[in-house]
Amino acid sequence: MTTVLLTGFEPFAADPTNPSGEAVRLVGGGWDGPSRLVAEVLPVTFSGAADRLGQLVELHRPDVVIATGLAGGRDAVTPERVAINLQDARIPDNAGAQPVDVSCVPSGPTALFSSLPVKAIARDIAAGGIPSRVSLSAGSYVCNHVFYVAAHLTATRPGMRAGFIHVPWDTAHAPEGQPALPLSDIAAALHVAIATTLATPADISVAAGSIH
């Protein structure tokens with residue numbers, strides 16, 4: 001049976017909730033297959049999140065890893081295309097660590113691409129009426145760190161595909177003036193991402209770049 005590891009994050013930076021973690025719990029609680037789903041919420045710490053991800057991959061040996069996190073200010077679900085080998089934290093993580101100009105994986109490549117079909121995922125989510133587009137920057141905080149570590153782990157796990165999806169605020173908890181989506185839509189988008197990944201061994205070739 002195909003195994004999918006789906007992760008989100010706990011709240012951070014004094015926020016009361018994190019829609020990525022809540023959506024992952026929602027997906028996991030209602031999952032009915034046919035693949036096996038492992039749904040986990042990671043700590044928002046550079047060392048803890050990476051360590052926990054590695055433990056989960058070792059324990060469950062997933063075929064697919066889809067990590068998710070909050071990108072407050074975005075108005076769409078955004079599959080990330082590339083992770084950079086850089087920790088450069090604008091704010092401390094939940095353990096108080098604030099790495100600056102530190103590699104995610106020492107001696108690792110400067111950047112690694114997602115092995116998920118990110119363009120097909122964005123297309124299929126949007127086709128369901130939920131805003132979605134491909135992103136070319138996952139930032140340099142814990143989200144990017146987990147994305148990079150997950151992508152790096154594929155080198156030691158032949159056949160495993162891994163990537164990251166950023167989600168916006170959910171409407172029930174978004175700060176005033178921030179774009180948001182209903183939590184049910186965010187969870188539905190993650191369902192689509194899983195289904196599209198399992199059905200799409202190679203990404204589609206359509207324009208999804210950016211000029212700025």
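1. Let me start with Ala-71, which is buried at a relative accessible area of 10%. This is a predicted model, so take each point here as a reading of a prediction. Ala-71 sits in the loop that runs between β3 (64-70) and β4. Leaving aside residues up to four places away in sequence, the neighbours that Ala-71 touches are His-166, Val-167 and Pro-168. For a sense of distance, Ala-71 and Val-105 are 34 residues apart along the chain, and their C-alpha atoms are separated by 23 Å.

2. Next, the aromatics. The count of aromatic pairs comes to three. Take Phe-46 with Tyr-141: the ring centres are 5.6 Å apart and the planes stand at 85°, so this pair is edge-to-face; the cut-off for that label is an angle over 60 degrees. The two residues come from distant parts of the chain, 95 residues apart, with Phe-46 in helix α2 (residues 46-60) and Tyr-141 in the loop between α3 (118-127) and α4 (142-153).

3. Now for helix packing, starting with α1 (residues 19-29) against α5 (residues 183-199). Their axes are 9 Å apart and the packing angle is about 65°. α1 and α5 are therefore roughly perpendicular to each other, and their crossing is right-handed. On the α1 side the contact uses Pro-19, Glu-22, Ala-23, Val-24, Leu-26 and Val-27, and these meet Leu-183, Ser-184, Ile-186, Ala-187, Leu-190, His-191 and Ile-194 of α5. By class, the residues of this α1 and α5 contact are ten nonpolar, two polar and one charged.

4. α5 also packs against α3. Here the axes come within 9 Å and cross at roughly 135°, so α3 and α5 count as oblique to each other. The α3 and α5 crossing is right-handed. From α3 the contact takes Ala-120, Ile-121, Asp-124 and Ile-125, and from α5 it takes Ala-189, Val-192, Ala-193, Thr-196 and Thr-197. Sorted by class, the α3 and α5 contact has six nonpolar, two polar and one charged residues.

5. Staying with α3, which of its residues are buried? They are Val-118, Lys-119, Ala-120, Ile-121, Ala-122 and Ile-125. Lys-119 is worth a look in the viewer, as it is listed among the buried residues of α3. The cover over these buried residues includes β4 (78-80), β7 (161-167) and α5. Just after the helix, Gly-129 takes a positive phi of about 90°.

6. A few backbone details deserve a second look. Most residues other than glycine have a negative phi, and most peptide bonds are trans. Against that background, Ala-13 has a phi near 55°, a positive value in a residue other than glycine. Ala-14 also has a positive phi, about 70°, although it is not a glycine. Ala-13 lies in the loop between β1 (3-9) and α1, and the place of Ala-14 is likewise in the loop between β1 and α1. As for accessibility, Ala-13 is partly exposed at 44%, whereas Ala-14 counts as exposed at 83%.

7. Where is the cis peptide bond that involves Pro-34? It runs from Gly-33 to Pro-34, with omega near 15°. Pro-34 belongs to the loop between α1 and β2 (36-42).

8. Last, Ser-103. This residue is placed in the loop between β5 (82-84) and β6 (111-113), and it is partly exposed, with a relative accessible area of 32%. Not counting residues up to four places away in sequence, Ser-103 touches Asn-85 and Gln-87. Ser-103 and Ala-174 are 71 residues apart in sequence, and the C-alpha to C-alpha distance between them is 32 Å.

Definitions and conventions:
Residues are numbered from 1 along each chain as its sequence is written. This is a predicted model: local features need pLDDT of at least 70, side-chain atom pairs count only at pLDDT 80 or more; totals for chains, interfaces and linings use all residues. Side-chain values use heavy atoms; hydrogens and water are left out. Rings of Phe, Tyr and Trp (its six-membered ring) pair if their centres lie within 6.5 Å; planes under 30 degrees apart count as stacked, over 60 as edge-to-face and the rest as tilted. Helices (H or I, at least four residues) and strands (E, at least two) are DSSP runs, numbered from the N terminus. Axes are lines fitted to C-alpha atoms, for helices over the stretch in contact, and angles run from 0 to 180 degrees between N-to-C directions. Angles under 35 degrees count as roughly parallel, over 145 as roughly antiparallel, 65 to 115 as roughly perpendicular and the rest as oblique. A crossing is left-handed if the near helix is turned anticlockwise from the far one by less than a right angle, and right-handed if clockwise. Contact means heavy atoms within 4.5 Å. Ala, Val, Leu, Ile, Met, Phe, Trp, Tyr, Cys and Pro count as nonpolar, Asp, Glu, Lys and Arg as charged, and the others, Gly among them, as polar. Buried means under 20% relative accessible area, exposed over 50%, partly exposed in between (1.4 Å probe, protein chains only).
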